Amino acid sequence: SSEVVCRCGKSIKEVSCVDFGEDSSVRCDRICNKKRTCRRHRCNTRCCTELEHSCPLPCGKRLRCGLHQCDELCHSGHCPRCWHTSFEELKCHCGFEVIYPPVPCGTLPPPCNRLCSRLHSCQHPVNHNCHSQEICPPCMTPTEKRCAGNHKSVLIPCHVDDVGCGLKCGLPLSCDMHTCQRTCHKPPC
């Protein structure tokens with residue numbers, strides 16, 4: 001038997017001449033803990049001799065489109081653009097503006113200068129354009145509403161429901177001897 005340096009050079013092993021041929025290389029049990037080039041995974045190879053630890057695993061990160069995953073080998077940095085393409089027209093919500101195919105994945109609907117045609121919770125004239133967001137911007141039309149404590153009318157944007165007028169509440173408390181001293185608020189006191 002002879003003492004032989006393993007292929008990574010980190011340890012020496014006793015090997016019998018019968019087990020060791022001319023083309024044989026001795027491996028130690030040391031697990032390589034170096035990070036691969038992707039900086040996400042470790043090498044974990046027994047008796048490693050690699051100088052550059054490239055990663056053989058698929059990346060799998062979600063691409064910016066939010067629908068697909070990166071098919072490249074694991075890497076550092078940003079993933080490339082999604083290469084998927086749609087062959088359907090991409091329209092704004094009202095359908096007036098159109099982007100014709102092919103449409104790269106992740107493309108936003110086209111901007112539209114027409115007024116929003118969706119149903120709104122109030123009857124005020126619409127002041128915003130067609131949009132792709134699920135929820136419309138709040139109605140900012142000044143509207144006269146009663147304050148939360150029902151003391152007086154105040155002029156506030158339509159979408160605001162509860163507003164205080166700054167006066168003391170003054171409603172009788174449950175003891176029936178005192179009144180609420182907090183500033184204007186929604187019941188109960």
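Mentor: Helices (H or I, at least four residues) and strands (E, at least two) are taken here as DSSP runs, numbered from the N terminus. This is a predicted model in which local features need pLDDT of at least 70 and side-chain atom pairs count only at pLDDT 80 or more, while totals for chains, interfaces and linings use all residues. Residues are numbered from 1 along each chain as its sequence is written, and side-chain values use heavy atoms, with hydrogens and water left out.

Trainee: Where is the place of Pro 102?

Mentor: Most peptide bonds are trans. Pro 101 and Pro 102, however, are joined by a cis peptide bond with omega of about 0 degrees. The place of Pro 102 is in the loop between β5 (98-99) and β6.

Trainee: A cis peptide bond joins Pro 188 to which residue?

Mentor: Pro 188 belongs to the segment after β8 (153-157). Omega of this cis bond is about 0 degrees, and the partner of Pro 188 is Pro 187.

Trainee: Is Asn 44 buried or exposed?

Mentor: Asn 44 lies in the loop between β2 (12-15) and β3 (85-86), and its phi is positive, near 60 degrees. Buried means under 20% relative accessible area, exposed over 50%, and partly exposed in between, with a 1.4 Å probe and protein chains only. Because its relative accessibility is 51%, Asn 44 counts as exposed.

Trainee: What is the relative accessibility of Asp 176?

Mentor: Asp 176 is in the segment after β8. Its phi is also a positive value, near 60 degrees. Asp 176 counts as exposed because its relative accessibility is 68%.

Trainee: How many disulfides does the structure hold?

Mentor: A disulfide is a pair of cysteine sulfur atoms within 2.5 Å. The sulfur of Cys 147 is 3.6 Å from the closest cysteine sulfur, in Cys 184, and is therefore too far for a bond. The number of disulfides in the structure is 0.

Trainee: Which cysteine sulfur is nearest to that of Cys 38?

Mentor: Cys 38 counts as buried because its relative accessibility is 3%. Cys 38 is in no disulfide; the nearest cysteine sulfur is 3.5 Å away and belongs to Cys 74.

Trainee: How many residues has the largest nonpolar core?

Mentor: A nonpolar core is a set of buried Ala, Val, Leu, Ile, Met, Phe, Trp, Tyr and Cys residues joined through side-chain atoms within 4.5 Å. The members of the largest core include Leu 63, Cys 79 and Cys 105, and its residue count is 7. Apart from that core lies another, with Cys 147, Ala 148, Cys 165 and Cys 184 among its residues, numbering 6. The largest core, then, has a residue count of 7.

Trainee: What is the relative accessible area of Thr 141?

Mentor: Thr 141 is in the loop between β6 (103-104) and β7 (142-146). Contact means heavy atoms within 4.5 Å, and, not counting residues up to four places away in sequence, Thr 141 touches His 124, Asn 127, Ile 156, Pro 157 and Cys 158. Thr 141 is buried because its relative accessible area is 19%.
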